[in-house]
Protein chains: 2
Amino acid sequence: MKMSDRKRKILQIVVDEYINTAVPVSSKSIAEKHLTDVSSATVRNELASLEELGYLTQFHTSGGRVPSPQAYRFYIEELMEKGNLSEKDLDYIEKAFAGKSNDVEHLVRSVSKVISELTDYTSVGIGPHADEEKIRNIALLSCGDGNALLVIVTGARILRDSFIGIPEGMTDEDLDNASRVIAKLFEGKALSEVKDVEEEVLAEFGQYRQVMHEVIDALKSYTRPRDEDVVLTGAEKIFNHPEYDDIDNVKNFLTVISSKDKLAEIIGDENDEIQINVKIGSCDDKDVPEDCSVVTATYSAGGKSLGTYGVIGPIRMDYHKVITVLENVGKALEGIVGNKDNKDGKHGKDE
Amino acid sequence: MKMSDRKRKILQIVVDEYINTAVPVSSKSIAEKHLTDVSSATVRNELASLEELGYLTQFHTSGGRVPSPQAYRFYIEELMEKGNLSEKDLDYIEKAFAGKSNDVEHLVRSVSKVISELTDYTSVGIGPHADEEKIRNIALLSCGDGNALLVIVTGARILRDSFIGIPEGMTDEDLDNASRVIAKLFEGKALSEVKDVEEEVLAEFGQYRQVMHEVIDALKSYTRPRDEDVVLTGAEKIFNHPEYDDIDNVKNFLTVISSKDKLAEIIGDENDEIQINVKIGSCDDKDVPEDCSVVTATYSAGGKSLGTYGVIGPIRMDYHKVITVLENVGKALEGIVGNKDNKDGKHGKDE
DNA sequence: GTTAGCACTCTCATCTCATAAGTGCTAACG
DNA sequence: CGTTAGCACTTATGAGATGAGAGTGCTAAC
C-alpha cells in the first residue's frame, strides 16, 4: 500500500520533532507549527491511521505519539532530509586525522573518538579482523633473558607481539638464523593459513622444535579477536540524552557496553555489501537493548579493511547526523590512507 | 584524647554494620544485636559523644548514624578485624595468574580483572611508568613499504613500537646497519635519558639524520603516559551497591571513570613508601568524588615496578575485603614474577 | 554511670484532588 | 467525502494532607 504524501509528511514531522525534543508529538503541535493549512482534528485522523499502520505508538491515551522502530527505518530510508556537516565539523575531521601515527590501534582510537565527539553519542570501534591478514613482516628478537620477542606486522598495519621462551644453549646467532627462516616461511602467508602449514614447518626444525611450537601457537592466537581491540569512547555521553535520566536505562546500557564480547558481536558481523548498517532496537539484533539503536560503518581503503565503527545510543537517535558523520569520516579515512599508500607505492618503485 | 574501649567498640559496630547494610545505624539495633548488656539509651549517649568527636553524622534527626570519613580512616587503622581471604578466593588468584603471557599490558589487564572480580568493585590499573625504564632491546625492522617498525622492550617488559618513515634510497641493508647502530647507542639507557644524548647521536648520523630524528621522537614519546595504559574493569559493578540506585551518583562516577587522565591522576601519584594507599572521599584527593573512596596498591617484584592497581567505589566500601585482596594479589605477583626471574637468571648463567 | 519514658523530628508511602494535555468520537459543514 | 468544531473521556503530574514508623534528645529517677 502506497502512503499518501500527507501521511509521509506528517510521519516525517513526528520523527523529526521527536528526535529533536524527546517529547511525544501531539496533533495540535503539528497543526500549529508545521501544517497550518489543516486543523488538528485532521492531523488526528491521520495520526490514528499511521498508528494502525504500525508507524506510531502511544505510551498512554493522552500522551501524544512516538515513532515505532518501523517508523525510524522508513524515516532513514525515505524521509530523512539529506544535508552535509557544517564547515566546523568537516574541519574537525580533517584536523583529527592529520599527522596521525599509522598503526591500526591508534587509528581505531582516534576514529572512535572523532565519531563520539561529533555525534555526541557513545562510540564503538573495532579494528580489522586479523584473521585474513597477510603477514608482511615477522621477526624474532633476542631479549637476552631467556626470552625472545616475536613481532609481526600485517598488510593492514596490525601489530602483534609475544614473548617466546628460548631454550638454554640457543645463542643469539641461532636466534637470528631462526628469525630469517621464520621470515622465509611465513611472510606473505595469511594468519589463517598458519595452522595448515604447521606440520610441514615443524618438520624443518629438528633442533629448536620447541621454539617453533611457541611461535606457531602465538601466530594462531593472533587470529582470535581480543578484548582490547574493541574500543569504546564517550560512555558518559549518554547522560546528554534525557532517556538516560532513568536509572534502569543507564544500568541496561552500561551493562551492555561493559562487555567487550557483546559489543564485538553487536557491531562485528560485517556485511561488506552494506557500507552503513542501522540496527534499531532489538528487532534487528537481539543483543541490542530494546531502547537502543546501533549505527555502524565498515571502512576500507585501497582494498584493506580499516575496521568497523559506530555509535550506540537511544533508539531516538539523530540518525541523520550520525549517518552523515560516519560517511564523512569514511571519506576522510579513504583520503588519508589512500594518499599514504600512494606515497608508499612511490617509495617501493624507487627502491 | 584517648577514646574509651566502649566507644571504640561502638564505633566499630557502626562502621561494620553500615558497610554491610548501607542503612544508617540506630542505637536500638546496636543495643539489641551487639551490646546486650547496656540499654539503647546508653548507646545513644555514646553515639552523641562520637558525633561530637567528628566520627559520626546524621542525615536527619531520626535517621540513625553514618560514619564520617574520619571514622573510616580510624576504622582502617585501628578497628578493622584482620583475617585472610577464603580458600576459594586464594585459589582464584592462584589460577588467574598461572600461565599468563608475560608482557606488561596483559599483566595489567589480568590483575585489574582479578581485583574487580574478587572485590565486586570497579577496578583501575596502570602499568609501571615507562619514564625511568631502561631500554633492554631496540630494533628497526623493514616493512618494505617505505616504513620501518621501531620496537623496544624495556627491563620491566614494557613494549613500545612505532612506524618510522624511511627515505627513498635507503635499502634493507642500510636499515639493518642503522638498527645495529641504534641498538649499540640506546640499549641500557633509560628512556628519560634519550633527550640528553639526542644531539650527540644525531651528530653520528650524517646520511640518515631524518630517520634518526623520527626514532628519537618516538623514544621520547614513550616517556609520556598513554591513555591506553590505564585499564578499567568492572564499571558495571557499581550497580551492585545501593548508593548507585541514584542517577546523580552514577553520573558523577561514570564521568570520573570515563576520563583516563583523571583516573591516572587519582591512582597515579605513586608513593613507594606506602604499599597500600586509601583515599576517602575528596578529603584526601580533590579529584576523587565526595562520596567515593579509592584504595590502591603499588606492586613491585625483584626491584621492578609492576604498576599501581586499585578499586574505586562508594565511600561505604568494604575496606577490609579490598585491602586483603590487594595484599594477596601483591603476594601472588611477587611469587610468579619472582620465580620467572629466577628461571631467567639460570638461563643467563647457562648461556 | 545507667536507664525508662516521652515528646519531638523527620522520612516515607499513600491518598486525594485539581490541572493540563491529548485523544476519539460525533455531528455538522462545504 | 474529506474536513472541522466541539466535547466527553483518559491519563499523567504535582501539590498538599495524613498517618505510621523510626530514631533521637532530654529529663528525671535509679
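The model is predicted, with local features requiring pLDDT of at least 70 and side-chain atom pairs pLDDT 80 or more, while totals for chains, interfaces and linings use all residues. Residues are numbered from 1 along each chain as its sequence is written, chains are lettered from A and ligands numbered from 1 in the order in which they are written, and side-chain values use heavy atoms, without hydrogens and water.

View 1. DNA strand D has 21 residues around it, a residue being near if one of its heavy atoms lies within 4 Å of the strand. Arg6(A), Ser39(A), Thr42(A), Ser27(B) and Arg65(B) come nearest. Of the atoms of DNA strand D that come within 4 Å of the protein, 79% belong to sugar and phosphate.

**View 2. Polar contacts to DNA strand D.** The side chain of Thr61(A) has a polar atom 3.3 Å from a sugar or linking oxygen of DNA strand D. A base nitrogen of DNA strand D is reached by Arg44(B), whose side-chain N or O atom is 3.2 Å away. Helix H3 (40-52) of chain A and helix H3 (40-52) of chain B are the elements giving two or more residues to this surface; helices (H or I, at least four residues) and strands (E, at least two) are DSSP runs, numbered from the N terminus. H3(A) gives the most, with four residues.

**View 3. Interface of chain B and chain A.** The contact (heavy atoms within 4.5 Å) takes 40 residues from chain B and 41 residues from chain A. About 4000 Å² is buried between the chains, 58% of it on carbon and sulfur atoms; buried area is the accessible area (1.4 Å probe) that two parts lose on being put together, summed over both.

**View 4. Salt bridge between the chains.** The count is one salt bridge, defined as a side-chain nitrogen of Lys or Arg within 4 Å of a carboxyl oxygen of Asp or Glu. Arg109(B) and Glu228(A) form this pair, at 4.0 Å from N to O.

How values were computed:
A polar contact is a pair of N or O atoms within 3.5 Å; within protein, one must be able to donate a hydrogen and the other to accept it, and residues adjacent in sequence count only if both atoms are side-chain atoms.
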